[in-house]
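The sequence and coordinates come first, and the description follows.

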Amino acid sequence: MKISYLFLAGSIVTSLFSACTQHEDSAKLGPISPDEIKSHIAVLADDSLQGRRPFTIGETKTVNYISSELKKAGVEPGNNGSYIQKVPMVEVTSTPSENMEITGGKEKLTFKAVEDFVAFTRREQDTIQLKNSPLVFAGFGIVAPEFNWNDYKDLDVKGKTVVVLISDPGFDAKDKMYFRGDTMTYYGRWMYKYEEAARQGAAGVIIIHQTEPASYGWSVITNSNTGARLYLQAADKHKSRCKLEGWMTEKAATKLLTNAGITGDIRAYARKKDFKAVPLNQTITVGLSNKYKYSTSQNVIGIIKGSKRPDEAIVYSAHWDHFGIGPKINGDSIYNGAVDNASGVAAMLSIAKAFQKAKEKPERSIVFLAVTGEEQGLLGSEYYALNPIYPLNKTVANLNMDALGFYGETKDISIKGKGQNEVEDYIINVLKENKLEAVGDTRPSAGSYYRSDHFNFAKVGVPAIDIVNGFNSKEHGAKWGQEQRLGYNEKHYHQPSDAYSPQMNTAGFAQIANILYTVGYKLSNETTFPQWKNGSEFKAARDRSVRSL
């Protein structure tokens with residue numbers, strides 16, 4: 001990509017990466033400078049890395065760079081003398097039939113691949129065929145005993161294809177009695193929808209895409225779900241999963257449901273307490289042809305051993321991968337991922353250097369983990385959580401960094417999953433000392449706590465947190481900051497235009513890095529372990545882990 005391209009897309013892009021004055025405030029928080037972070041991003045988001053997709057030359061170059069920078073900073077190899085943790089994966093390339101045929105109902109419907117739907121499979125077999133599979137509308141596709149919710153109650157979906165809504169019943173319900181209101185739970189995530197449909201024995205599962213509750217447009221769906229997809233290798237070759245997983249546009253879904261006599265506000269319809277899954281009296285016929293190959297991707301891991309309690313660890317994490325080379329948009333096909341997530345890796349490398357240069361070495365070990373496959377479903381962190389190099393019951397906390405604030409320093413810092421665990425209390429104390437405001441997720445309905453690598457640590461009980469800049473720009477105010485973040489989500493998230501520019505403002509990146517450095521350093525010199533707060537769905541997992549000490 002020509003660097004100047006970024007500035008041709010319009011005023012929003014120009015303001016996103018404007019050469020704002022670099023505040024000196026970040027230096028007060030810690031030793032990490034915006035320029036140091038920018039130097040790493042310039043390498044990680046360069047075209048020569050080809051968008052950092054696993055299994056490509058981009059992976060090789062990325063992993064080599066991260067390893068060499070850790071070594072240069074004096075950080076030791078973190079996996080028995082190696083900087084590498086191998087992550088066995090399978091790459092499945094699914095090509096759906098050109099048309100999805102729907103029969104029954106008032107009329108025959110034909111939906112077009114990519115335009116109306118995307119479909120893929122995890123199963124490692126040459127062809128997949130759903131032929132005249134009965135369709136069932138299963139509401140939100142959720143089984144959540146703690147919320148007294150079961151969309152699959154008294155429903156047998158074996159051999160059938162379920163159609164479900166994205167997000168959970170709380171979204172836009174205007175009533176907090178539904179789940180957690182506008183704060184999405186894990187039940188709202190697409191990963192959960194596919195998992196639950198498989199547990200129910202469905203042959204296929206199709207999620208209805210709606211831009212607002214999904215928090216991204218249809219282009220993100222097509223960019224992420226066409227072509228090759230990566231999964232962790234499974235002993236059963238993923239035969240426990242549905243034959244077909246996919247998405248459908250809201251327009252196509254409206255036609256499908258109307259064809260069955262279901263009209264109006266479909267979310268309100270599925271939110272009713274007496275809702276029962278509805279057979280659509282239609283069948284679906286669609287096929288997939290698949291190619292697959294087995295290979296190994298890589299997590300990169302380094303460690304600074306603790307001076308007094310080296311068996312206890314604080315883990316910093318950031319995902320190094322992005323989408324590689326994909327569909328061309330405005331003449332560019334390299335998805336560089338400068339914000340998502342060269343920013344997080346750059347911050348982590350800067351934190352590693354800061355720890356190594358600290359006058360007093362941390363008493364607990366500090367682990368730096370750059371993970372693969374986040375964009376494919378949090379794969380690298382999932383593999384680490386299932387195959388930890390350092391015992392989970394002695395892992396004090398996970399501090400994750402993903403897609404940091406590209407619009408400069410802010411007066412507020414967003415804590416994703418605010419209220420989950422005690423690590424946030426350390427963050428809040430640092431913010432108070434620096435006259436910064438702690439806020440919750442700036443987009444609670446997007447379910448950000450379940451969308452990055454800290455989630456896999458949380459699932460196994462490790463108190464995990466992810467913070468980003470809020471909206472309230474120190475230089476331009478809250479309205480401007482909100483416009484920048486929303487503009488990025490709408491126009492640059494998972495697009496080739498998420499690219500490096502020498503003029504990009506990295507002061508916000510440094511602000512987050514310094515906060516997390518300060519928090520990690522404090523945790524490293526304590527003897528206590530942060531806990532999950534009452535009401536967190538992850539508390540039980542930590543309790544089990546601590547009992548194993």
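## Strand pairing and helix packing

Strand E2 (residues 84–96) and strand E13 pair in the antiparallel sense over 13 bridges. The model is predicted. One of the residues in this pairing is threonine 93, whose bridge partner in E13 is lysine 291.

E13 spans residues 278–304 and also pairs with strand E1 (residues 76–77), antiparallel, over two bridges. Here glutamate 76 has isoleucine 303 of E13 as its bridge partner. Strand E3 (residues 99–104) is joined to E13 by four bridges, again in the antiparallel sense, and isoleucine 102 is bridged to isoleucine 284 of E13. Strand E6 (residues 127–137) runs antiparallel to E13, with eight bridges between them; glycine 287 in E13 is the partner of glutamine 129. Strand E17 (residues 364–371) is antiparallel to E13 as well, over five bridges, and isoleucine 304 is partnered there by isoleucine 366.

| Partner of E13 | Sense | Bridges |
|---|---|---|
| E1 (residues 76–77) | antiparallel | two bridges |
| E2 (residues 84–96) | antiparallel | 13 bridges |
| E3 (residues 99–104) | antiparallel | four bridges |
| E6 (residues 127–137) | antiparallel | eight bridges |
| E17 (residues 364–371) | antiparallel | five bridges |

How do H12 and H15 pack, and at what angle? Helix H12 (residues 423–433) and helix H15 (residues 507–524) pack at about 120°, and their axes are 10 Å apart. Angles from 65 to 115 degrees count as roughly perpendicular and those over 145 as roughly antiparallel, so H12 and H15 are oblique to each other. H12 crosses H15 in the right-handed sense. From H12, the residues Tyr426, Ile427, Val430 and Leu431 take part; in H15 they meet Ile515, Leu516, Thr518, Val519, Lys522 and Leu523. By class, the residues of this contact of H12 with H15 are eight nonpolar, one polar and one charged.

Helix H10 (residues 338–357) is the other partner: the axes of H10 and H15 come within 9 Å and cross at roughly 45°. That angle makes H10 oblique to H15. The crossing of H10 and H15 is right-handed. In H10 the contact involves Ser343, Ala347, Ile351, Ala354 and Phe355, which meet Phe509, Ala513, Leu516, Tyr517, Gly520 and Tyr521 in H15. The contact of H10 with H15 is made up of nine nonpolar residues, two polar and no charged. Leu516 of H15 is listed in the contact with H12 and also in the contact with H10.

Two backbone details can be checked in the coordinates. Aspartate 340 and asparagine 341 are joined by a cis peptide bond, with omega about 5°; asparagine 341 is found in H10. Aspartate 154 has a positive phi, near 55°, and is a residue other than glycine. Aspartate 154 is found in the loop between strand E8 (149–150) and strand E9 (161–165).

As for confidence, the protein chain has a mean pLDDT of 92, and 93% of its residues reach 70 or more. Over residues 1–27, pLDDT stays under 50; the model has 62 contacts beyond four places in sequence for this stretch. Where pLDDT is low, the predicted coordinates should not be read in detail.

Definitions and conventions
Residues are numbered from 1 along each chain as its sequence is written. This is a predicted model: local features need pLDDT of at least 70, side-chain atom pairs count only at pLDDT 80 or more; totals for chains, interfaces and linings use all residues. Side-chain values use heavy atoms; hydrogens and water are left out. Two strands pair if DSSP finds at least two bridges between them. Axes are lines fitted to C-alpha atoms, for helices over the stretch in contact, and angles run from 0 to 180 degrees between N-to-C directions. Angles under 35 degrees count as roughly parallel, over 145 as roughly antiparallel, 65 to 115 as roughly perpendicular and the rest as oblique. A crossing is left-handed if the near helix is turned anticlockwise from the far one by less than a right angle, and right-handed if clockwise. Contact means heavy atoms within 4.5 Å. Ala, Val, Leu, Ile, Met, Phe, Trp, Tyr, Cys and Pro count as nonpolar, Asp, Glu, Lys and Arg as charged, and the others, Gly among them, as polar. pLDDT is the predictor's confidence in each residue, from 0 to 100.
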